[in-house]
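Work through the exercises below with the model open. Try each task before you read its solution.

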Amino acid sequence: MPESGTPLNSIAAATADAVAAKASNAQVVFGASAVATDGVASEVALRSFSVTVDEPPTLGGSDTAPNPVEYYLAALLSCQVVTYRFWAERLGVEFDDLTLTAEGDLDVRGFFGLDAEVRPGFTAVRVSVNISGPASDDDYRRLQETVERHCPVQDLTVDPTPLSSELHIDR
């Protein structure tokens, strides 16, 4: 991999040094909190940021903001953009333009409990990547394969992630 002084490669090198010095430096915890607001909407706090989440009227909401699965698609695409930029730099693959789109198929019978055999989440997600620039087609294919191996949000989809939940009842 190129050892250039570009910003993302510098971050990768500094991270590698920090992890080599102390393995626990590789562990990062991200957090979020949500408060139910009007109807089915919520306000979600993420670091110093806040996002509103709602549903369209057909799913009980007021359509004041994207719904959770739309935010998932946004998270997937934005994570892929970051991962494309990072790995393009690491692999020395240049691109001029990068545009991604995603669609997810959701059968609402799972969410509404109308059919126990239907999962409540997406049954399929399709991502389309349009990339242009001076690199070869093979370089762009290699970049895409690398992105798909290293994108954290894609990993959340293709590999099960352990999830635990605890209920605290306040009276």
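**Exercise 1. Classify Asp-63: buried or exposed?**

Solution. Asp-63 has 51% relative accessibility, so it counts as exposed. The cut-offs are under 20% relative accessible area for buried and over 50% for exposed, with partly exposed in between (1.4 Å probe, protein chains only). Next, locate the residue: Asp-63 sits in the loop between S3 and H2. Helices (H or I, at least four residues) and strands (E, at least two) are DSSP runs, numbered from the N terminus. Finally, check the backbone: the phi of Asp-63 is positive, about 60 degrees, although Asp-63 is not a glycine.

Before going on, note the ground rules. This is a predicted model, residues are numbered from 1 along each chain as its sequence is written, and side-chain values use heavy atoms, with hydrogens and water left out. Local features need pLDDT of at least 70 and side-chain atom pairs count only at pLDDT 80 or more, while totals for chains, interfaces and linings use all residues.

**Exercise 2. Where is Arg-47 found?**

Solution. Arg-47 is in the loop between S2 and strand S3 (49-53). Its phi is positive, about 50 degrees, and Arg-47 is not a glycine. Most residues other than glycine have a negative phi. Arg-47 is exposed, at a relative accessible area of 74%.

**Exercise 3. In what order do the strands of the open sheet run?**

Solution. The order of the 3 strands is S1-S2-S3, with antiparallel pairing. S1 and S3 are the edge strands, each pairing on one side only. Two strands pair if DSSP finds at least two bridges between them. Now take the pairs in turn. S1 (residues 33-36) and S2 (residues 42-46) share 4 bridges. S2 and S3 are joined by 5 bridges. Follow Ala-45 across the sheet: Ala-45 in S2 stands opposite Ser-33, and its bridge partner in S3 is Ser-50. Last, look at the hairpin of S1 and S2: 5 residues lie between the strands, and Gly-39 there takes a positive phi near 60 degrees.

**Exercise 4. Describe helix H2 from end to end.**

Solution. Start with the length. H2 (residues 68-91) has 24 residues and reaches 34 Å from first C-alpha to last, close to the 34 Å expected at 1.5 Å a residue. That expected span is 1.5 Å times one less than the number of residues. At the N-terminal end, Asn-67 is the cap, with a side-chain oxygen 3.2 Å from the backbone nitrogen of Val-69. Just after the helix, Gly-92 has a positive phi of about 70 degrees. The buried residues of H2 include Leu-73, Leu-76, Tyr-84 and Trp-87. The buried residues of H2 pack against helix H1 (7-21), S4, strand S5 (122-132), helix H4 (137-150) and helix H5 (152-158).

**Exercise 5. Which residues touch the most other members of the largest nonpolar core?**

Solution. A nonpolar core is a set of buried Ala, Val, Leu, Ile, Met, Phe, Trp, Tyr and Cys residues joined through side-chain atoms within 4.5 Å. The largest one has 13 residues, and Tyr-84, Val-93 and Leu-143 touch the most other members. H2, S4 and H4 each give two or more residues to this core. Its largest share, 5 residues, comes from H2. Beyond four places in sequence, Tyr-84 is in contact (heavy atoms within 4.5 Å) with residues including Phe-95, Leu-98, Leu-143 and Val-147.

Conventions
A polar contact is a pair of N or O atoms within 3.5 Å; within protein, one must be able to donate a hydrogen and the other to accept it, and residues adjacent in sequence count only if both atoms are side-chain atoms.
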